[in-house]
Amino acid sequence: MGLTVPGIRILDRLAEGGSSFIYRAVVLRTNQPRAVKVLKPAARADAAMLRMFRAEAALLKSLHHENLLTVYESGTADGEEYTVLEFFDAGNVKRLLQQKSPDLVRLALPIFHGAEEALCALHLKGIIHKDV
């Protein structure tokens, strides 16, 4: 990954979505963990996707809720669109749900309750999450 975000060291790729990659990173000055979301080249070339990515970052920067990740900054570096987010290392919910564990409901319910609270907070502000 050739992206250089000012003050951030990109460590490795965590995930890939339909329009972006998520990288694990750290703040150089403080060594605090961060996630960096980077718009894929094909999405960056689509004016509507680029507008949506920028609007999402700006909107999330203005929201504060215990069940929403904090957005620290967003911008363009080396021709790449990025958003620097709070890093939350809790594993992968999809993998949790695929487990055949008798504890699945006990483990999954708090996660879904937190997601429901975050979605309600968004809805109260007139925001509908496009992936839900």
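This short talk walks through the strands of one predicted model and then through its salt bridges.

Because we are looking at a predicted model, local features need pLDDT of at least 70 and side-chain atom pairs count only at pLDDT 80 or more, while totals for chains, interfaces and linings use all residues.

Let me start with the sheet. It is an open sheet of 5 strands in the order β1-β2-β3-β5-β4, with antiparallel pairing; strands (E, at least two residues) and helices (H or I, at least four) are DSSP runs numbered from the N terminus, and two strands pair if DSSP finds at least two bridges between them. At the edges are β1 and β4 (71-77), each of which pairs on one side only. From one strand to the next the twist averages 25°, where axes are lines fitted to C-alpha atoms, for helices over the stretch in contact, and angles run from 0 to 180 degrees between N-to-C directions.

I would now like to turn to β5, which pairs with β3 in the antiparallel sense over 5 bridges and with β4, again antiparallel, over 6 bridges.

How enclosed is β5? Of its 7 residues, 6 are buried, so the strand is largely enclosed by the rest of the structure; here buried means under 20% relative accessible area, exposed means over 50%, and partly exposed lies in between, with a 1.4 Å probe and protein chains only.

That brings me to the salt bridges, of which a search of the whole structure finds 7, each being a side-chain nitrogen of Lys or Arg within 4 Å of a carboxyl oxygen of Asp or Glu. In general, side chains of opposite charge can pair when their charged atoms come close.

Which residues are linked in a network of salt bridges? They are Arg13, Glu16 and Lys40. Arginine 13 meets glutamate 16 at 3.7 Å, N to O, and glutamate 16 also bridges to lysine 40, with the closest N and O atoms 2.7 Å apart. Glutamate 16 lies in strand β1 (residues 8-16) and lysine 40 in the loop between β3 (33-39) and α1 (41-44), so this pair ties together parts that are 24 residues apart in sequence. As for accessibility, glutamate 16 is exposed at 52%, arginine 13 is partly exposed at 46%, and lysine 40 is buried at 14%.

Finally, arginine 44 forms a salt bridge with glutamate 80, the closest N and O atoms being 2.8 Å apart. This pair links distant parts of the chain, with arginine 44 in helix α1 and glutamate 80 in strand β5 (residues 80-86), 36 residues apart. Arginine 44 is partly exposed, with a relative accessible area of 24%.

Technical notes: Residues numbered from 1 in each chain as written. Heavy atoms only, no water.
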